[in-house]
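Here's a walk through one protein model, piece by piece. Have the 3D view ready and follow along.

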Amino acid sequence: MSDTVGKPIDRVDGRLKVTGGAKYSAEFDIKNMLYGVAVTSNVTKGRIKNINTSIAEKSPGVVGVMTYKNSMQLHSPSSSDPGGGKFAEKDLMPLQNDRIFYDGQIIAVVMAETFEQAEHAATLVKVDYQTEDPIFDLEKNIEKAYKPASASTGSETQVSRGNADDALKTASLKVEQTYTTPVYHHNAMEPHATIALWQGETVMFYDSTQSVAGTKSLMSSMLGVPKEKVRVISYFIGGGFGSKGFSWPNTVLTAMAAKLVNRPVKLVLSRQQMFTTAGRRSQTIQKVSLGADQSGKLSAIKHDNTVESSFVDEFVETAGVATSMIYSSPNVDVSHKLVRLNKVTPCPMRAPGEAPGMYALEVAMDELAYQSKIDPVQLRLVNYAEEEEQKHKKFSSKYLRDCYQKGADLIGWSKRNQQPASMKEGKYLVGYGMATATYPANRSASSAKAVLFADGHAEIMCATQDIGTGTYTIMTQTAADALGLPIEKVIVKLGDSEFPKGANSGGSQVTASVGPAIRAASLGAISKLVTMAVADPKSPLHGQKEVDVTSQNGRIFLAAKPDQGESYTQILSRNNLQKIEAQAITKVSTRQQTEANPAAGGTPEKEIEDESKTNQAVQLDEKLDRKPFSFHSFGAHFVKVLVDPDLGTVRVDKAVAVMDIGTVMNEKTAKNQIMGGMIFGIGMALMEETNYDPNRGRPVTKDLANYLVPVNADMPDFQVEFINKADNIISPIGARGIGEIGITGITAAVNNAIYHATGKRIRELPVTPDKLL
Amino acid sequence: MEPFKLVRAQNNAAAIAAATSKETKFIAGGTNIIDLMKLYIETPKQLVDITSLNLKQVETQQDGSVKIGALVKNSDLAYHPIITKNYPFLSEALLSGASAQLRNMASVGGNLLQRPRCYYFYDTAFPCNKREPGSGCSALTGFNRNHAVLGTTENCIATHPSDMCVPMAALGATIQVEGAKGTRNIPFDEFYIIPEKIPQYETILKPGELITAVILPHLPFAAKSHYLKVRDRASYEFALTSAAVALDISNGKINASRIALGGVATKPWRSAAAEKVLNGAAANAQTYRAAAEAAMAGAKPHKYNAFKIELAKRTIVRALEAVGGMV
């Protein structure tokens, strides 16, 4: 084994990206391709009485206009569509009827020779509606809330132990507060984009997706085309943050449009359309009740969430998902209620559940700290969960105490005076705040193929994808180590559904799922070489036992006698082989509830033959009994804020995160990931919010000028550190995924720091200047 | 966007001749008109590219005033030594607007004519008197957090978005306009109108009239001035409230003052009432607060923007304190 995992190497695709060489889905130039532009509804609820396309059809360059009247009939996807694919709005198959469920719903697609022609013609489609009274305001419709049986993310929606209500009655210290978060939109830089190309009965997609395998499977179901005749390519993705985990109408509509006009079609959503047709995060109203004794020890945690979904699908933002596992308490009660609204269906968005949920819980913990006059860090240590108390399981590994300690040291927590509004720098009030971060460590079934070539290079293939997180890079490192090759000799190929199926890029699972599969395939290929060598009279390893042979630096050799061996290329050339390859499937899943979880798990792949199980190291991974364990990552955020008391403006001055994520695969991409999550969370704390028109429920802040995310000028001095201790239970690689944990807790840390600075507790996000006047 | 014809003018006369119809618009940096055209808010049949015109100088005139060509880029103006030395609040205002990329493209004339950023004006799915006079104002009962509290009418409550215009209003700049009938000089305050009878227009500029320059008066005390902008994020965001302030102080007494507000009004809002309070008064916190109260006296809140009234007052006070403390 070589030693590249952990090194802060540059992104292997960095050069391609900065030179424009990385081709994103909309950038493929297909011969004879038309440009599609979606037309969206201008009412919130009702039916299309009449849709007149004749003017649009006569507009220059227009080749066709697709509405519910002339579109192909779709097949319903099954709710457990294999492969992690899910259609986001199962009761709203696009362009299948005249019904309108929300403002901005796609009701037609115009196809023209140029983008400009299609865009103009889209404005010429005239629609008459029969409107109905919509409901779109969560607060005003709270009485319509019901308890959903389950959540499509696989998380439980109603969890309890002991009796929280009784314990709250007798608790000497109590916090009972309501916290709210608004609707958010993912706003990936790359919009949802698809090119669909039919060749006879075969359909090919270039699609910006977090799951090429899932989209393939879903498109096969919806279009009624056999799976082997669907191919999905997504080599580069400009961010998804969950919005490209489920499929939205744009993907299937592109194929329908291409079929209708019998030409390839490209369809890219506009930024405004992304606000009404491609998911969002649900608004949340969270009531948190904490009961504790004078020492701060929790006797009860209650977390009642009211969230919303659409009329076309049930998605639950499980804001209480971490509440039952993060602290020790004998009595816990977590509930979720849902109200259906005339808005586009919500979907997973970076740390679905934890991002809003840990905000509320960790602000409540801060309130308890001030009430009990206990240092917020100390309060968390008093309530430290030594095991996962809900399921009575050990954590696979947990170094959260170290995170608190290191984070406190780095921010200078000891300088903090707990008295609110007591610290100043010039005209600014200074505040320090902290919060805990956590996210499940998901691992699901994955497969991969490794090919060793006679010229000394290797290729890895896996139908997972890199959504901008660094998957290409860390998988190159993983493969290089397993193959005993330098990273320059390893090419990782992802983003093509023709490859062996890998995990979808959701639920922070790719590293822990795909990494072991790539390792297994790589080790499987080496094992094949060893088998060949020991049987080959011309090999210096002839007649040796396979278990005595190891590999490193492109050679296999006797572990006890490193000189006795030969290079991979020698074996292959002597046997006149261009290459040797192995496929592997690792079926380990850390999720108990559901295997076919679209957000956080794949379905075991049954299509390929595994060729890695002869390798002992691979066997060990598969056979390890993981039932006694619960898998989570942890971390601590510490921030310092400066608040202008007159103008209400908040600047995050310093943000420290210390993360326990198992082995760090690549320090550079890992810091990048955590920092990205922190920026997201700072945005949630201070500015991010989708505003709707109160009279008709149509979003009004729907471009990047009006939907505020932090800009460079808002950035604090970041410091991201890792505990970097391997989690040997989750996988032999020791790493847990980190796509989401960075955002969890940081919003609360900022909020808590604002309270410390000002003495004002703002429970309604975002904390904009008006709320601090 | 609506198909349109693009013509390029080589001189002022040709530009004016090409633009006599209402359906023609000038284009310089294009940082606003292109967006508006993409969204079908503006649907001109013809664009006249004026970027070749000779309107790119910043020069001090004989009377000490400064003439700024309409095509001077926002960035160039912000960093021009005459401006940074004699009118620092104008430089600050320019640099607080948009992003570096936009400032590098945007012209002074275009900035003067930028249109409101009201959400409802920007979405053709909503009624809007500015887009379709008589259709109604959706912002009145809608989400109006970033809307105006001064100079509003039942027709429109959209905020004038410019930062640059705020110190220009404070200075009492003059806008030089050339048309088929010759040249006219329009006082800044008269150039902009509040949305009364013709909410579709923000200015009195007529079709075919070309802004050629902005003239800043010779005002030595403007060398002690400040532009303060409060917003929801640190950059690339319009003002919730802003104040452009210049003070002439000697021996603790305010001899003369200039004050204008941004983010709170339907036009760049010079406050004569505040200046009246300031002029002749002692330069202290009470005076500043009294000026702020006077400036916002007629303010009318809507459902989501009432906070702007107090925030604007505090913005004014902070800006006055900053200038009052300048040595």
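Let's start with who touches whom. In chain B of this predicted model, take the contacts with a separation of 6 or more: 64% of them join residues 24 or more positions apart. Buried residues make up 56% of the 327 residues in this chain.

## The build of chain B

If you count up the secondary structure of chain B, you get twelve helices and twelve strands. Its radius of gyration is 19 Å, close to the 20 Å that the globule rule gives for 327 residues, so chain B is as compact as a globular protein of that length. Along the principal axes, its C-alpha atoms fill a box of roughly 60 × 50 × 35 Å.

An unreviewed UniProt entry puts a "domain: FAD-binding PCMH-type" at residues 1-221 of chain B. That span is 25% helix and 17% strand, and its end C-alpha atoms are 47 Å apart.

## Where chains A and B meet

How many residues of chain A are in contact with chain B? There are 24, and they meet 24 residues of chain B. On the chain A side, you'll find ten nonpolar, nine polar and five charged residues.

## The nonpolar core

In soluble globular proteins, nonpolar side chains tend to be buried together. Here, the largest nonpolar core has 340 residues. Among those with the most contacts inside it are Val110(A), Ala291(B) and Ile316(B). Helix H13 of chain A, residues 510-534, gives the most to this core, with 13 residues.

Zoom in on Val110(A): leaving out residues up to four places away in sequence, its contacts include Gly36(A), Val37(A), Ala56(A) and Val125(A).

Key: Residues numbered from 1 in each chain as written. Chains lettered and ligands numbered in written order. Predicted model: local features only at pLDDT ≥ 70, side-chain atom pairs only at ≥ 80, totals over all residues. Helix = DSSP H or I, 4+ residues; strand = E, 2+ residues; numbered from the N terminus. Rg over C-alpha atoms; globule rule 2.2 N^0.38 Å. Buried ≥ 20, exposed ≤ 12 C-beta atoms within 10 Å, placed from the backbone. Contact = placed C-beta atoms within 7 Å. Nonpolar A, V, L, I, M, F, W, Y, C, P; charged D, E, K, R; others polar. UniProt positions renumbered as here; feature names shortened; annotations may be inferred. Core = buried A, V, L, I, M, F, W, Y, C linked by C-beta atoms within 7 Å.
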